[in-house]
Amino acid sequence: MSDEEKVTMDDYSAELEASFQKIEEGDILTGTVISVDEKEIILDLKYYAEGVIKAEDFSREPGFNVKESVHPGDEVSATVVRKDDGHGNILLSRVEANDILAWEKLNQLKEDKTVLTVKVKGIVNAGVIAYVEGVRGFIPASKLSLNYVEDLNEYLNKEIQVQVFDVDKEKDRLILSARELLREKAEEERKEKISNVEVGLVTEGTVESLQPYGAFVNLGNGISGLVHISQISGKRIKHPSAVLTVGDKVKVKVIAIKDGKLSLSMKALEDVAAEEIHEEEIVLPKSEELTTNLGSLFAKIKLN
């Protein structure tokens with residue numbers, strides 16, 4: 001017997017053995033989708049009988065379309081409901097299997113911090129609803145965006161990226177969040193913008209907040225920097241509010257960039273202005289020269 005024939009026989013033996021395995025109601029089986037229509041999904045279980053999942057037993061997700069979401073070749077795990085559906089097939093339920101398997105998967109997704117793309121299927125008080133692995137998940141309004149969300153309806157039927165934030169099978173609770181991903185993206189974009197800023201740049205910004213140690217100035221385009229209290233004025237001040245008010249337009253100079261943060265200075269521009277004034281000082285002539293010059297000037301004036 002050739003190696004090729006032996007492999008074929010081994011494979012056949014494995015399939016034959018699998019086809020005689022004892023199947024009981026409540027078992028979870030995994031099969032490959034053979035066909036899909038509006039009413040049912042047919043699975044190849046590598047068994048003497050095929051598996052059948054009724055469309056309503058595939059998912060609890062509202063508006064779930066079996067033909068759009070399930071395709072031949074997909075692997076599906078489902079629970080045995082009846083060993084014979086009356087037509088010689090094994091009746092299965094993916095919904096029941098999901099009650100066990102989905103929560104295990106959700107815990108793994110949380111641990112791995114997996115990024116998921118979900119579609120918002122409903123609006124509820126203080127948040128929206130989306131489904132992961134057939135389980136109803138809640139996304140609080142505070143975790144939908146980095147900013148306050150005024151109208152949650154804007155998210156209905158919209159696809160967003162989220163991560164599993166909290167999972168509790170006992171309480172049937174799944175909390176999802178988009179906020180952490182949005183924060184990471186915003187931070188990456190901010191760092192990229194800052195990488196294009198050079199030390200020495202002089203620009204205008206708006207004072208956005210005052211702290212005991214300095215003032216934060218918004219330079220636009222999502223970039224802010226700190227003017228340390230020592231860099232606000234040439235005069236010693238006890239608090240930035242002695243010189244500045246939130247909303248003030250100020251000119252600043254970038255004096256340092258470290259760890260993605262901008263250090264700004266207003267004082268540096270005062271120093272530059274003072275130097276320019278010093279350089280442009282008018283030097284008056286000596287008194288003798290002044291007398292001579294004035295004499296020459298008067299000599300040219302004709303008196304009537």
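Visitor: Which strand is Ser77 found in?
Guide: Ser77 sits in strand β4, which covers residues 75–82. Keep in mind that this is a predicted model.

Visitor: Is Ser77 buried, partly exposed or exposed, and why?
Guide: Ser77 counts as partly exposed because its relative accessible area is 24%, and that class lies between the cut-offs of 20% and 50%.

Visitor: How many residues apart in sequence are Ser77 and Arg94, and what about in space?
Guide: They are 17 residues apart in sequence. From C-alpha to C-alpha, Ser77 and Arg94 are 6.4 Å apart in space.

Visitor: New topic. Which strands pair with β16?
Guide: Strand β14, residues 223–228, pairs with β16, residues 261–265, in the parallel sense over 3 bridges. Strand β15, residues 249–258, pairs with β16 in the antiparallel sense over 5 bridges.

Visitor: Which residue in β16 stands opposite Gly225?
Guide: That is Leu262.

Visitor: And which is the bridge partner of Lys258 in β16?
Guide: Lys261 is the partner of Lys258.

Visitor: How many residues lie between β15 and β16?
Guide: There are 2 residues between them, and the two strands form a hairpin. Asp259, in the turn, has a positive phi of about 55°.

Visitor: What is phi for Asp172?
Guide: Asp172 has a positive phi of about 55°, and it is not a glycine.

Visitor: Where is Asp172 found?
Guide: Asp172 is in the loop between β10, residues 159–168, and β11, residues 173–177.

Visitor: Buried or exposed? I mean Asp172.
Guide: Asp172 is exposed, because its relative accessible area is 58% and the cut-off for exposed is over 50%.

Visitor: What about Asn221, what is its phi near?
Guide: The phi of Asn221 is near 60°, a positive value, and this residue is not a glycine either. Asn221 lies in the loop between β13, residues 214–220, and β14. At 57% relative accessibility, Asn221 counts as exposed.

Visitor: Let's move to charges. Which residues gather in a patch of negative charge on the surface?
Guide: Glu184, Glu188, Glu189 and Glu192 make up that patch.

Visitor: Which helix does Glu188 lie in?
Guide: Glu188 lies in helix α4, residues 179–194.

Visitor: And why does Glu188 count as exposed?
Guide: Glu188 counts as exposed because its relative accessibility is 56%.

How values were computed. Residues numbered from 1 in each chain as written. Predicted model: local features only at pLDDT ≥ 70, side-chain atom pairs only at ≥ 80, totals over all residues. Heavy atoms only, no water. Patch = residues over 30% accessible without salt bridge, like charges linked within 9 Å, V, L, I, M, F, W, Y side chains within 5 Å. Areas by Shrake-Rupley, 256 points an atom, 1.4 Å probe, with all protein chains shown as cover. Salt bridge = Lys/Arg side-chain N within 4 Å of Asp/Glu carboxyl O. Lys, Arg positive; Asp, Glu negative; His and termini not counted. Charge placed at Lys NZ, Arg CZ, Asp CG, Glu CD. Helix = DSSP H or I, 4+ residues; strand = E, 2+ residues; numbered from the N terminus. Buried < 20%, exposed > 50% of the residue type's maximum accessible area, 1.4 Å probe, protein only. Pairing = 2+ DSSP bridges.
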